[in-house]
Amino acid sequence: MEIIKENNCNVLTVKVSGRLDTVTAPELEEKIGVLDGIKELVLDLEKLEYISSAGLRVLLNLQKQMNKIGKMTVKNISSDVMEVFEITGFSEILTIE
């Protein structure tokens with residue numbers, strides 16, 4: 001998995017590629033870190049090939065944090081990942097562009 005962070009003022013964009021699973025989910029949590037001062041979190045999943053329940057858990061935790069301090073948007077989702085979001089109900093929880 002590759003993670004690229006871009007912080008522009010109060011907007012943090014995180015590009016995730018590869019697989020977000022049990023092995024890599026803790027890495028994403030660590031890389032994003034504390035969201036102090038962030039008003040908007042954008043997760044660009046254009047190159048994310050796979051997401052497991054551990055990855056979904058990370059997204060849910062991030063969404064809960066951002067609900068308190070700003071907003072979170074998920075964009076550029078592949079059809080495979082979108083299918084997982086739809087099956088699990090995450091398509092109703094997340095703001096998807």
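## The β-α-β unit

Strand 3 (residues 40–51), helix 2 (residues 53–69) and strand 4 form a right-handed β-α-β unit in this predicted model. Right-handed means that, with the strands pointing away from the viewer, the path from the first strand over the helix to the second runs clockwise. Helices (H or I, at least four residues) and strands (E, at least two) are DSSP runs, numbered from the N terminus.

Residues are numbered from 1 along each chain as its sequence is written. Local features need pLDDT of at least 70, side-chain atom pairs count only at pLDDT 80 or more, totals for chains, interfaces and linings use all residues, and side-chain values use heavy atoms, with hydrogens and water left out.

## Strand pairing

Five bridges pair strand 3 with strand 4 (residues 71–75) in the parallel sense. Pairing requires at least two DSSP bridges between two strands. Glu40 has Lys71 of strand 4 as its bridge partner.

Strand 4 also runs parallel to strand 5 (residues 95–96), joined by two bridges. Here Val74 lies opposite Ile96.

## Helix 2

The 17 residues of helix 2 should span 24 Å at 1.5 Å a residue. The expected span is 1.5 Å times one less than the number of residues. The end C-alpha atoms are 25 Å apart, which agrees.

Several residues of helix 2 are buried, including Leu56, Leu59, Leu62 and Met66. Buried means under 20% relative accessible area, exposed over 50%, and partly exposed in between (1.4 Å probe, protein chains only). Gly55 and Gln63 are also buried.

## The nonpolar core

The largest nonpolar core has 28 residues. Such a core is a set of buried Ala, Val, Leu, Ile, Met, Phe, Trp, Tyr and Cys residues joined through side-chain atoms within 4.5 Å. Val14, Leu43 and Phe85 have the most contacts inside this core. Helix 2 gives the largest share, six residues.

Leaving aside neighbours within four places in sequence, Phe85 contacts residues including Leu45, Leu56, Leu59, Val74 and Ile96. Contact means heavy atoms within 4.5 Å.

## Salt bridges

The whole structure holds two salt bridges. The criterion is a side-chain nitrogen of Lys or Arg within 4 Å of a carboxyl oxygen of Asp or Glu. Lys15 pairs with Glu6 at 3.7 Å, N to O. Lys15 is partly exposed at 34% relative accessibility, and Glu6 is partly exposed at 38%.

Asp21 pairs with Arg19, with the closest N and O atoms 3.5 Å apart. Asp21 is buried at 15% relative accessible area, whereas Arg19 is partly exposed at 42% relative accessibility.
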